[in-house]
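Notes from an afternoon with one model.

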Amino acid sequence: MIARLNNMVRGPALSGLLCVLLLAACTTPQRVERPEKLQDQSAESAYELGQVANKLNEAEKWANDGKRALAALIYDAAIETLPVALQRERIYVRAMKAAMLGRQGEGRDEEQARSQMQHARMDAKDSGHIDLLFDRRFKADLNIAEATIECGAGKFDAAERLFQQAQELLAEAGAHSHLVEAQIGLAYEFEIAGEATTAERLAGDAMKRARRLDDETLLPVAAAAAALLRDAEREQVLIDGYEAAYRSNDLWWRNAMIALAVQLHFDCGNWADCVRWGDRMRDRDVGSLPESEDTGLYPEDSFLLLARYARARRLAGAEKGRTLAAYEEALEAWTTLDESEMSRLAGWEQKLRSGLLQLRGD
(Lines give C-alpha, C1' and ligand atoms only; values in the text may rest on other atoms or scores of the structure.)
Protein backbone atom coordinates (compact mmCIF):
# COMPACT_ATOMS: atom_id res chain seq x y z
CA MET A 1 0.00 0.00 0.00
CA ILE A 2 2.74 2.46 0.98
CA ALA A 3 4.40 2.07 -2.42
CA ARG A 4 1.17 2.71 -4.29
CA LEU A 5 0.21 5.69 -2.13
CA ASN A 6 3.68 7.09 -2.66
CA ASN A 7 3.37 6.76 -6.46
CA MET A 8 -0.08 8.28 -6.55
CA VAL A 9 1.02 11.27 -4.53
CA ARG A 10 4.24 12.13 -6.26
CA GLY A 11 4.45 10.85 -9.83
CA PRO A 12 5.92 13.20 -12.47
CA ALA A 13 2.43 14.14 -13.62
CA LEU A 14 1.75 15.48 -10.15
CA SER A 15 4.73 16.94 -8.35
CA GLY A 16 7.78 15.60 -10.12
CA LEU A 17 10.09 18.10 -8.49
CA LEU A 18 9.64 16.66 -5.05
CA CYS A 19 10.36 13.43 -3.22
CA VAL A 20 7.34 12.39 -1.20
CA LEU A 21 8.00 9.59 1.29
CA LEU A 22 5.22 8.30 3.49
CA LEU A 23 6.64 8.31 7.01
CA ALA A 24 4.66 7.14 10.00
CA ALA A 25 3.85 9.85 12.58
CA CYS A 26 2.73 9.31 16.14
CA THR A 27 -9.29 12.98 20.45
CA THR A 28 -11.82 12.50 18.30
CA PRO A 29 -12.21 15.70 16.25
CA GLN A 30 -15.24 17.75 15.48
CA ARG A 31 -16.58 17.18 11.97
CA VAL A 32 -15.28 19.75 9.52
CA GLU A 33 -17.71 21.02 6.93
CA ARG A 34 -16.20 21.13 3.47
CA PRO A 35 -15.82 24.76 2.37
CA GLU A 36 -16.76 26.24 -0.96
CA LYS A 37 -15.14 24.49 -3.91
CA LEU A 38 -12.19 25.95 -5.78
CA GLN A 39 -12.06 25.93 -9.56
CA ASP A 40 -8.85 24.08 -10.30
CA GLN A 41 -6.97 25.16 -13.41
CA SER A 42 -3.88 23.00 -13.01
CA ALA A 43 -4.54 21.19 -16.27
CA GLU A 44 -4.43 24.43 -18.23
CA SER A 45 -0.82 25.06 -17.19
CA ALA A 46 0.42 21.46 -17.17
CA TYR A 47 3.55 20.38 -19.05
CA GLU A 48 3.54 18.20 -22.17
CA LEU A 49 5.57 15.33 -20.78
CA GLY A 50 3.71 12.32 -22.16
CA GLN A 51 6.50 11.24 -24.48
CA VAL A 52 9.07 11.18 -21.66
CA ALA A 53 6.84 10.02 -18.79
CA ASN A 54 8.43 6.55 -18.71
CA LYS A 55 11.91 8.06 -18.55
CA LEU A 56 10.91 10.37 -15.71
CA ASN A 57 9.39 7.50 -13.75
CA GLU A 58 12.53 5.42 -14.30
CA ALA A 59 14.75 8.29 -13.19
CA GLU A 60 12.72 8.73 -10.01
CA LYS A 61 12.98 5.01 -9.26
CA TRP A 62 16.78 5.05 -9.51
CA ALA A 63 16.95 8.24 -7.47
CA ASN A 64 14.88 6.65 -4.72
CA ASP A 65 17.35 3.75 -4.69
CA GLY A 66 20.18 6.21 -4.09
CA LYS A 67 21.55 6.00 -7.64
CA ARG A 68 21.21 9.68 -8.43
CA ALA A 69 24.02 9.84 -11.00
CA LEU A 70 22.18 7.25 -13.09
CA ALA A 71 18.91 9.11 -12.57
CA ALA A 72 20.58 12.31 -13.77
CA LEU A 73 21.61 10.61 -17.02
CA ILE A 74 18.02 9.51 -17.59
CA TYR A 75 16.80 13.05 -16.99
CA ASP A 76 19.33 14.23 -19.60
CA ALA A 77 17.96 11.67 -22.04
CA ALA A 78 14.44 12.94 -21.38
CA ILE A 79 15.53 16.52 -22.08
CA GLU A 80 17.11 15.47 -25.37
CA THR A 81 13.99 13.50 -26.34
CA LEU A 82 11.74 16.53 -25.94
CA PRO A 83 11.48 18.65 -29.10
CA VAL A 84 13.33 21.97 -29.06
CA ALA A 85 9.96 23.65 -29.51
CA LEU A 86 8.96 22.44 -26.04
CA GLN A 87 11.45 24.75 -24.35
CA ARG A 88 9.23 25.19 -21.30
CA GLU A 89 9.16 21.43 -20.76
CA ARG A 90 12.90 21.02 -21.32
CA ILE A 91 13.70 23.64 -18.71
CA TYR A 92 11.16 22.16 -16.28
CA VAL A 93 12.74 18.70 -16.57
CA ARG A 94 16.15 20.24 -15.90
CA ALA A 95 14.68 21.81 -12.76
CA MET A 96 13.32 18.38 -11.79
CA LYS A 97 16.82 16.99 -12.24
CA ALA A 98 18.28 19.76 -10.06
CA ALA A 99 15.75 19.12 -7.29
CA MET A 100 16.40 15.37 -7.47
CA LEU A 101 20.14 15.94 -7.03
CA GLY A 102 19.72 18.42 -4.19
CA ARG A 103 16.99 16.94 -2.05
CA GLN A 104 17.53 14.99 1.19
CA GLY A 105 18.90 11.47 1.25
CA GLU A 106 21.61 9.15 -0.02
CA GLY A 107 23.56 10.31 -3.05
CA ARG A 108 22.78 14.00 -2.66
CA ASP A 109 25.01 16.22 -4.82
CA GLU A 110 24.52 19.86 -3.88
CA GLU A 111 27.16 21.21 -6.26
CA GLN A 112 25.57 19.55 -9.28
CA ALA A 113 22.09 20.48 -8.07
CA ARG A 114 22.95 24.17 -7.89
CA SER A 115 24.74 24.02 -11.25
CA GLN A 116 21.69 22.47 -12.90
CA MET A 117 19.38 25.00 -11.24
CA GLN A 118 21.50 27.88 -12.51
CA HIS A 119 21.46 26.30 -15.97
CA ALA A 120 17.65 26.06 -15.86
CA ARG A 121 17.25 29.70 -14.85
CA MET A 122 19.67 30.87 -17.53
CA ASP A 123 17.82 28.80 -20.15
CA ALA A 124 14.57 30.42 -19.06
CA LYS A 125 16.07 33.90 -19.29
CA ASP A 126 17.70 33.28 -22.68
CA SER A 127 14.98 31.16 -24.26
CA GLY A 128 13.44 34.01 -26.25
CA HIS A 129 9.99 32.79 -25.20
CA ILE A 130 8.50 35.94 -23.73
CA ASP A 131 5.58 33.90 -22.37
CA LEU A 132 7.91 32.24 -19.88
CA LEU A 133 8.46 35.59 -18.20
CA PHE A 134 4.74 35.76 -17.38
CA ASP A 135 4.11 32.04 -16.79
CA ARG A 136 3.18 31.86 -13.10
CA ARG A 137 3.28 28.08 -12.88
CA PHE A 138 6.62 27.84 -14.65
CA LYS A 139 8.20 30.44 -12.35
CA ALA A 140 6.64 28.73 -9.33
CA ASP A 141 8.07 25.35 -10.30
CA LEU A 142 11.56 26.78 -10.63
CA ASN A 143 11.16 28.20 -7.13
CA ILE A 144 9.93 24.83 -5.82
CA ALA A 145 12.97 23.10 -7.26
CA GLU A 146 15.29 25.66 -5.67
CA ALA A 147 13.41 25.45 -2.36
CA THR A 148 13.98 21.68 -2.38
CA ILE A 149 17.71 22.23 -2.85
CA GLU A 150 17.85 24.82 -0.06
CA CYS A 151 15.97 22.51 2.28
CA GLY A 152 18.42 19.73 1.48
CA ALA A 153 21.27 22.11 2.33
CA GLY A 154 19.69 22.99 5.68
CA LYS A 155 18.92 26.56 4.61
CA PHE A 156 15.34 26.43 5.79
CA ASP A 157 14.58 30.15 5.80
CA ALA A 158 15.62 30.42 2.16
CA ALA A 159 13.57 27.34 1.31
CA GLU A 160 10.47 28.77 2.98
CA ARG A 161 10.92 32.14 1.30
CA LEU A 162 11.21 30.57 -2.16
CA PHE A 163 8.27 28.29 -1.52
CA GLN A 164 6.07 31.10 -0.25
CA GLN A 165 6.62 32.90 -3.55
CA ALA A 166 5.78 29.69 -5.41
CA GLN A 167 2.56 29.22 -3.46
CA GLU A 168 1.42 32.74 -4.28
CA LEU A 169 2.16 32.24 -7.97
CA LEU A 170 0.32 28.91 -8.14
CA ALA A 171 -2.69 30.33 -6.31
CA GLU A 172 -2.80 33.25 -8.74
CA ALA A 173 -2.61 30.78 -11.65
CA GLY A 174 -5.47 28.72 -10.18
CA ALA A 175 -3.22 25.62 -10.16
CA HIS A 176 -4.66 24.46 -6.86
CA SER A 177 -4.16 20.71 -7.13
CA HIS A 178 -0.57 21.25 -8.23
CA LEU A 179 -0.12 23.56 -5.25
CA VAL A 180 -1.33 21.03 -2.68
CA GLU A 181 0.91 18.35 -4.19
CA ALA A 182 3.86 20.73 -3.94
CA GLN A 183 2.96 21.57 -0.32
CA ILE A 184 2.90 17.89 0.59
CA GLY A 185 6.13 17.27 -1.28
CA LEU A 186 8.05 19.99 0.51
CA ALA A 187 6.43 19.04 3.82
CA TYR A 188 8.14 15.66 3.54
CA GLU A 189 11.45 17.33 2.72
CA PHE A 190 11.17 19.35 5.93
CA GLU A 191 10.12 16.24 7.86
CA ILE A 192 13.18 14.32 6.69
CA ALA A 193 15.34 17.31 7.62
CA GLY A 194 13.98 17.22 11.18
CA GLU A 195 11.84 20.35 10.79
CA ALA A 196 8.63 18.73 12.02
CA THR A 197 6.81 21.98 12.87
CA THR A 198 7.21 23.34 9.34
CA ALA A 199 6.28 19.96 7.87
CA GLU A 200 3.06 19.87 9.89
CA ARG A 201 2.17 23.42 8.91
CA LEU A 202 2.62 22.69 5.21
CA ALA A 203 0.65 19.45 5.48
CA GLY A 204 -2.15 21.27 7.28
CA ASP A 205 -2.19 23.99 4.62
CA ALA A 206 -2.36 21.34 1.90
CA MET A 207 -5.38 19.73 3.53
CA LYS A 208 -7.20 23.05 3.91
CA ARG A 209 -6.93 23.58 0.18
CA ALA A 210 -7.51 19.93 -0.76
CA ARG A 211 -10.86 19.98 1.04
CA ARG A 212 -11.94 22.57 -1.50
CA LEU A 213 -10.99 20.35 -4.46
CA ASP A 214 -12.32 17.06 -5.83
CA ASP A 215 -12.06 13.74 -4.01
CA GLU A 216 -9.52 12.42 -6.54
CA THR A 217 -7.12 15.10 -5.29
CA LEU A 218 -8.19 14.92 -1.65
CA LEU A 219 -7.54 11.17 -1.25
CA PRO A 220 -3.77 11.01 -1.86
CA VAL A 221 -3.22 14.33 -0.08
CA ALA A 222 -5.08 13.06 2.99
CA ALA A 223 -3.06 9.83 2.98
CA ALA A 224 0.21 11.74 2.82
CA ALA A 225 -0.78 14.47 5.29
CA ALA A 226 -2.06 12.02 7.90
CA ALA A 227 1.42 10.56 8.31
CA LEU A 228 2.79 14.04 9.11
CA LEU A 229 0.10 15.35 11.44
CA ARG A 230 -0.76 14.41 15.01
CA ASP A 231 -3.64 13.90 17.37
CA ALA A 232 -7.01 15.45 16.49
CA GLU A 233 -5.77 17.08 13.30
CA ARG A 234 -4.44 13.77 12.01
CA GLU A 235 -7.64 11.97 12.95
CA GLN A 236 -9.74 14.47 11.05
CA VAL A 237 -7.56 14.03 7.96
CA LEU A 238 -7.97 10.24 8.15
CA ILE A 239 -11.74 10.68 8.39
CA ASP A 240 -11.69 13.08 5.44
CA GLY A 241 -9.88 10.49 3.34
CA TYR A 242 -12.15 7.67 4.46
CA GLU A 243 -15.28 9.65 3.64
CA ALA A 244 -13.86 10.70 0.27
CA ALA A 245 -13.29 7.03 -0.56
CA TYR A 246 -16.91 6.28 0.28
CA ARG A 247 -18.13 9.15 -1.90
CA SER A 248 -15.94 7.81 -4.71
CA ASN A 249 -17.14 4.22 -4.12
CA ASP A 250 -13.47 3.21 -4.22
CA LEU A 251 -12.82 -0.04 -2.32
CA TRP A 252 -9.04 0.23 -2.59
CA TRP A 253 -8.89 3.74 -1.17
CA ARG A 254 -11.41 2.89 1.56
CA ASN A 255 -9.31 0.01 2.84
CA ALA A 256 -6.06 1.86 2.16
CA MET A 257 -7.20 4.65 4.49
CA ILE A 258 -8.23 2.08 7.11
CA ALA A 259 -4.84 0.35 6.77
CA LEU A 260 -3.00 3.65 7.10
CA ALA A 261 -5.01 4.65 10.18
CA VAL A 262 -4.42 1.25 11.79
CA GLN A 263 -0.69 1.46 11.05
CA LEU A 264 -0.31 4.98 12.45
CA HIS A 265 -2.24 4.16 15.63
CA PHE A 266 -0.47 0.81 16.03
CA ASP A 267 2.96 2.43 15.77
CA CYS A 268 1.94 4.83 18.56
CA GLY A 269 0.46 2.11 20.75
CA ASN A 270 -3.09 3.42 20.44
CA TRP A 271 -4.69 -0.03 20.59
CA ALA A 272 -8.29 1.10 21.05
CA ASP A 273 -8.03 3.41 18.04
CA CYS A 274 -6.54 0.56 15.98
CA VAL A 275 -9.55 -1.56 16.83
CA ARG A 276 -11.98 1.25 16.09
CA TRP A 277 -10.50 1.81 12.63
CA GLY A 278 -10.03 -1.89 11.91
CA ASP A 279 -13.66 -2.57 12.73
CA ARG A 280 -14.54 -0.47 9.67
CA MET A 281 -13.35 -3.39 7.52
CA ARG A 282 -16.17 -5.56 8.79
CA ASP A 283 -19.27 -6.44 6.84
CA ARG A 284 -22.01 -4.14 8.09
CA ASP A 285 -24.66 -6.86 8.12
CA VAL A 286 -22.89 -9.86 9.68
CA GLY A 287 -19.76 -8.24 11.14
CA SER A 288 -17.30 -10.59 9.43
CA LEU A 289 -13.83 -9.54 8.31
CA PRO A 290 -13.07 -9.59 4.58
CA GLU A 291 -10.77 -12.23 3.16
CA SER A 292 -7.39 -10.89 2.11
CA GLU A 293 -8.15 -10.90 -1.62
CA ASP A 294 -11.41 -9.02 -1.02
CA THR A 295 -9.78 -5.98 0.55
CA GLY A 296 -8.55 -4.64 -2.79
CA LEU A 297 -5.08 -4.21 -1.25
CA TYR A 298 -1.85 -5.89 -2.23
CA PRO A 299 -1.38 -9.20 -0.32
CA GLU A 300 1.36 -7.81 1.94
CA ASP A 301 -0.68 -4.73 2.83
CA SER A 302 -3.79 -6.78 3.47
CA PHE A 303 -1.86 -9.15 5.72
CA LEU A 304 -0.31 -6.31 7.73
CA LEU A 305 -3.68 -4.63 8.14
CA LEU A 306 -5.25 -7.83 9.49
CA ALA A 307 -2.19 -8.65 11.62
CA ARG A 308 -2.03 -5.23 13.26
CA TYR A 309 -5.77 -5.27 13.85
CA ALA A 310 -5.65 -8.72 15.45
CA ARG A 311 -2.79 -7.86 17.77
CA ALA A 312 -4.34 -4.52 18.68
CA ARG A 313 -7.57 -6.27 19.67
CA ARG A 314 -5.68 -8.52 22.08
CA LEU A 315 -3.61 -5.65 23.51
CA ALA A 316 -6.76 -3.58 23.95
CA GLY A 317 -8.54 -6.42 25.73
CA ALA A 318 -11.30 -6.55 23.12
CA GLU A 319 -13.96 -9.28 22.99
CA LYS A 320 -12.26 -12.68 22.73
CA GLY A 321 -14.41 -14.35 20.07
CA ARG A 322 -13.77 -11.70 17.46
CA THR A 323 -10.12 -11.46 18.47
CA LEU A 324 -9.64 -15.19 17.86
CA ALA A 325 -11.31 -14.83 14.46
CA ALA A 326 -9.07 -11.86 13.63
CA TYR A 327 -5.94 -13.89 14.40
CA GLU A 328 -7.20 -16.70 12.19
CA GLU A 329 -7.99 -14.32 9.33
CA ALA A 330 -4.54 -12.76 9.60
CA LEU A 331 -2.84 -16.16 9.47
CA GLU A 332 -4.99 -17.10 6.48
CA ALA A 333 -3.81 -13.90 4.78
CA TRP A 334 -0.23 -15.01 5.52
CA THR A 335 -0.67 -17.92 3.11
CA THR A 336 -1.29 -15.50 0.22
CA LEU A 337 2.20 -13.96 0.47
CA ASP A 338 5.09 -14.91 -1.78
CA GLU A 339 8.36 -16.31 -0.44
CA SER A 340 10.18 -12.98 -0.25
CA GLU A 341 7.29 -11.39 1.64
CA MET A 342 7.10 -14.33 4.04
CA SER A 343 10.82 -14.08 4.72
CA ARG A 344 10.59 -10.35 5.41
CA LEU A 345 7.51 -10.65 7.63
CA ALA A 346 8.38 -13.89 9.45
CA GLY A 347 8.35 -12.12 12.80
CA TRP A 348 4.72 -11.20 12.33
CA GLU A 349 3.74 -14.81 11.68
CA GLN A 350 5.52 -15.98 14.83
CA LYS A 351 3.75 -13.39 16.97
CA LEU A 352 0.38 -14.27 15.47
CA ARG A 353 0.81 -18.01 16.02
CA SER A 354 2.02 -17.47 19.57
CA GLY A 355 -0.85 -15.12 20.30
CA LEU A 356 -3.39 -17.51 18.85
CA LEU A 357 -2.11 -20.37 21.00
CA GLN A 358 -2.32 -18.21 24.11
CA LEU A 359 -5.86 -17.09 23.27
CA ARG A 360 -7.00 -20.67 22.74
CA GLY A 361 -5.41 -21.66 26.04
CA ASP A 362 -7.16 -18.96 28.07
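My entries follow, grouped by topic.

**Ground rules.** This is a predicted model, so I kept local features to pLDDT of at least 70 and side-chain atom pairs to pLDDT 80 or more, while totals for chains, interfaces and linings use all residues. Residues are numbered from 1 along each chain as its sequence is written, and side-chain values use heavy atoms, with hydrogens and water left out.

**Helix α18.** I started with α18, which covers residues 346-361. Helices here are DSSP runs of H or I with at least four residues, strands are runs of E with at least two, and both are numbered from the N terminus. α18 has 16 residues and reaches 23 Å from first to last C-alpha, close to the expected 22 Å. That expectation is 1.5 Å times one less than the number of residues.

Which residues of α18 are buried? I found W348, E349, L352, G355, L356 and L359. My cut-offs: buried is under 20% relative accessible area, exposed is over 50%, and partly exposed is in between, with a 1.4 Å probe and protein chains only. Seen down the axis, the buried residues of α18 fall within an arc of 135°, so they line one face of the helix. The arc is taken from the directions from the helix axis to the C-beta atoms. An α-helix has 3.6 residues a turn, so residues three or four places apart point the same way.

On the other side of α18, I noted Q350, L357 and G361 as exposed. The buried residues pack against α13 (251-267), α15 (299-316) and α16 (320-334), where contact means heavy atoms within 4.5 Å.

**Helix α14.** I ran the burial check on α14 (residues 271-278) and got C274, V275, W277 and G278 as buried. They cover an arc of only 165° around the axis, which puts them on the same side of α14. What covers them includes α12 (231-248), α13 and α15.

**α4 against α5.** Two packed helices are described by the angle between their axes and the distance between the axes. For α4 (residues 68-81) and α5 (residues 87-102), I have axes that come within 9 Å and cross at roughly 175°. The axes are lines fitted to C-alpha atoms, for helices over the stretch in contact, and the angles run from 0 to 180 degrees between N-to-C directions. α4 and α5 are therefore roughly antiparallel to each other. For that label, the angle has to be over 145 degrees; under 35 is roughly parallel, 65 to 115 roughly perpendicular, and the rest oblique. On the α4 side the contact includes Y75, A78 and I79, and on the α5 side it includes V93, M96 and M100.

I then zoomed in on V93, which sits in α5. V93 is buried, with a relative accessible area of 0%. Leaving aside neighbours within four places in sequence, V93 is in contact with L49, L56, Y75, A78, I79 and L82. The C-alpha atoms of V93 and I79 are 6.6 Å apart, though 14 residues separate the two along the chain.

A77, in α4, is partly exposed at 32% relative accessibility. Its C-alpha lies 7.9 Å from that of K55, 22 residues away along the chain.

**Salt bridges.** How many are there in the whole structure? My search finds 23, counting a side-chain nitrogen of Lys or Arg within 4 Å of a carboxyl oxygen of Asp or Glu.

- R88 and E89 meet at 4.0 Å, N to O, and both are buried.
- D141 and R137 pair at 3.7 Å, N to O. Both are buried. Being 4 residues apart in α7 (residues 136-152), they are separated by about one helical turn.
- R108 bridges to E110, with the closest N and O atoms 3.5 Å apart. R108 is partly exposed at 26%, and E110 is partly exposed at 28%.
- R108, E110, R114 and E150 are linked in a network of salt bridges.

**Positive phi.** Last, I looked at backbone angles. D231 has phi near 55°, a positive value in a residue other than glycine. D231 is in α12 and is exposed at 53% relative accessible area. N249 also has a positive phi near 55°. N249 is in the loop between α12 and α13 and is exposed, with a relative accessible area of 71%.
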